[in-house]
Each structure stands twice: as structure tokens, then as C-alpha cells.
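Got your viewer open and ready for selections? Here is a short walk through some charged pairs and aromatic rings.

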Amino acid sequence: MQEEMENLFKLMNQETHCKLAEEEILRRIGESNVAECLRVLQESVSLGGERFRNLEEKALQVMVRSYSYFSDTIWTDFAYKILGDEAFKKLSSAAGRVQPGWDKSPYGAPGGYGCCSDEPDCACSLTDFGQLSCPSVQLDFKFILEWVEKEEICPERRTLVLAVFENSQRRTKASVLQWMKKKIEGWEIKDKEDEEEMKMMEEEFEMDRAMGIPFSCGIPGPYGERLDARWAELTDNVDGEDAQKKAERIKKLCEQYEAEDSDDEFQYGWY
């Protein structure tokens, strides 16, 4: 694969193929594939000069777009087995310049930093934890720490990655490591608390159900009554109904609810 990239850069030196080669490289960068972007960075740094600076910058923009992209990048085999030292320095330096923005913006589409709408439990906030409000990004953050602590990572590159997260409060490698571990510990404590709370809610629900107390969402008015009625329908145990029939019934009910909501747009004073 690197040979392909080398050939594309060579073609850029030929007047007849220069434009086509550049368009192909830009197309690969545009796909936000960090492995391809690393190959672009490697070639640009290897050849030097200003001619390929635009391609290099565009590749770097992809790889340091977020915690997630940076994590994916450094975990790529190419990054720590093939990528040259100078190229790795450029990657880390670029990440360090934009990292403060990761903590101020939610994670999302390339360039837009919109909230990750594909994460139903994402609570991205411009004033709280930025991208780290998203559970999937928290996992990528953990992967960065895991990479740093890998024994086979050379000390120089470990230092470069830790330096990405240095600021006026975190001035040393030790302080960065402490910050990362404390942040992860906080998430794990919260996850455990959430699990315990959910377990308690489930136990209370089962107790109420055993005592014949109907479930209530706690929302007053017609909207809440509608949700309670739907829940009763969905959780109703029909005599002689096997798992497949139950799944089919629930699917049909959900489609019915979706159609109803689309028709009347929940005209119940709660929207």
C-alpha cells in the first residue's frame, strides 16, 4: 500500500499526470482513512519541501480531528512500526495544537464537530467535557492511555503522545498520566453507579408488578397516560405466546405507535 502512495507522489513530478495523481491522493484523504493519511504524511516528510505541504496538512487534519481519530491513528500498525520519527513528531505536534478544541466541542462529522447523533446515549456539551461526553469517545480516550502504557512503544514516542495533553495545569508526563487515569476512574465509578441505579429500578418495577401496581412513567397529563398505556401493551404477557410471536407483536405495536406519532405529532402539550 505504501508503494502505491510512493508511486502517486512520483507521478506528481510528471507534468502529464500531476493533476490526476493529486486528485487521487486528495480522494483518499477525503475518505478519512487514517492509514492512507499516514502514508501521505510519510511521503510528504520523506520528500520534504513545500510542494506537498497542502496534502500533508489535509492528512494531518483528519488524523487529529478528535480523540477518536487520534486514537485510531496511533494504534495503526503503520504509525508505530513504519512511520518515521520526523513524521511522528509532526503528527503529535499537530494533535497538541488542536487538542484543547477537543475538550470544547462535541464529536461528530468531519470538520463539523456536530454531536454524534448515532450514539443514543451521547450527551455532548460545549461547556462540560466536549467530545469526552460521548461514551464511544471515552473508550477511545482509554485506548490512548493503553497505547501509551504498551511496553513496546519507544520512550520518545510515548513522551510525544503524552505531550499532546500537556497544558498550564498538566506540565509533566506524570501529571498527564495522573489526569488520564483519574478521568477514566471517574467514568468507571459513574458507570457502576448507573448500573446499580438501573438494577434498583428494575427490582422496584418487578416488586410493583408482583403486587399488581401498574407502571407509570411519572409524566403528568395525556402524554404520560399515553406512554403508560403503551408500556402496558408492550409488556403484556399473552397466554400461549412464544418468543417469536411476542417479538412480532412488539414490532407491530412499535410500527403502530410510530404511525400514530407521525399522524398527530404528539399534540398533547408536551413537546
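A quick note on what you're looking at. This is a predicted model, where local features need pLDDT of at least 70 and side-chain atom pairs count only at pLDDT 80 or more, while totals for chains, interfaces and linings use all residues. Residues are numbered from 1 along each chain as its sequence is written, and side-chain values use heavy atoms, with hydrogens and water left out.

**Stop one: charged pairs**

Helices here are DSSP runs of H or I with at least four residues, strands are runs of E with at least two, and both are numbered from the N terminus.

Side chains of opposite charge can pair when their charged atoms come close. How many salt bridges does a search of the whole structure find? The search turns up 16.

Now move to helix α2 (residues 18-30) and pick E24 and R28, which sit four residues apart, about one turn of the helix. They form a salt bridge too, with the closest N and O atoms 2.9 Å apart. E24 is partly exposed, at 21% relative accessible area, whereas R28 counts as buried at 13%.

Hop over to helix α3 (residues 34-47) for E36 and R39, three residues apart and separated by about one helical turn. Their closest N and O atoms are 3.4 Å apart in another salt bridge. Both ends are buried: R39 at 13% relative accessibility and E36 at 7%.

Then select E4, E24, R27, R28, E31, E36 and R39 together, and you'll have a network linked by salt bridges.

**Stop two: aromatic rings**

Time for the rings. The structure has 10 aromatic pairs, meaning rings of Phe, Tyr and Trp (its six-membered ring) with centres within 6.5 Å; planes under 30 degrees apart count as stacked, over 60 as edge-to-face and the rest as tilted.

Y67 lies in helix α5 (residues 67-75) and F165 in the loop between α9 (155-163) and α10 (173-210), so the pair ties together parts that are 98 residues apart in sequence. Y67 is buried at 0% relative accessibility, and F165 is buried at 0% as well.

Next, show F88 and W147. Their ring centres lie 6.1 Å apart with planes at 10°, so this pair is stacked.

For a group view, highlight Y67, F70, W102, F141, F165, W179 and W187, which form one aromatic cluster.

**Last stop: charge over ring**

Finish by zooming in on R170, whose charged end sits over the ring of W179, 3.7 Å from its centre (NZ of Lys or CZ of Arg must be within 6 Å of the ring centre and within 35 degrees of the ring normal).

Note on methods
Salt bridge = Lys/Arg side-chain N within 4 Å of Asp/Glu carboxyl O. Buried < 20%, exposed > 50% of the residue type's maximum accessible area, 1.4 Å probe, protein only.
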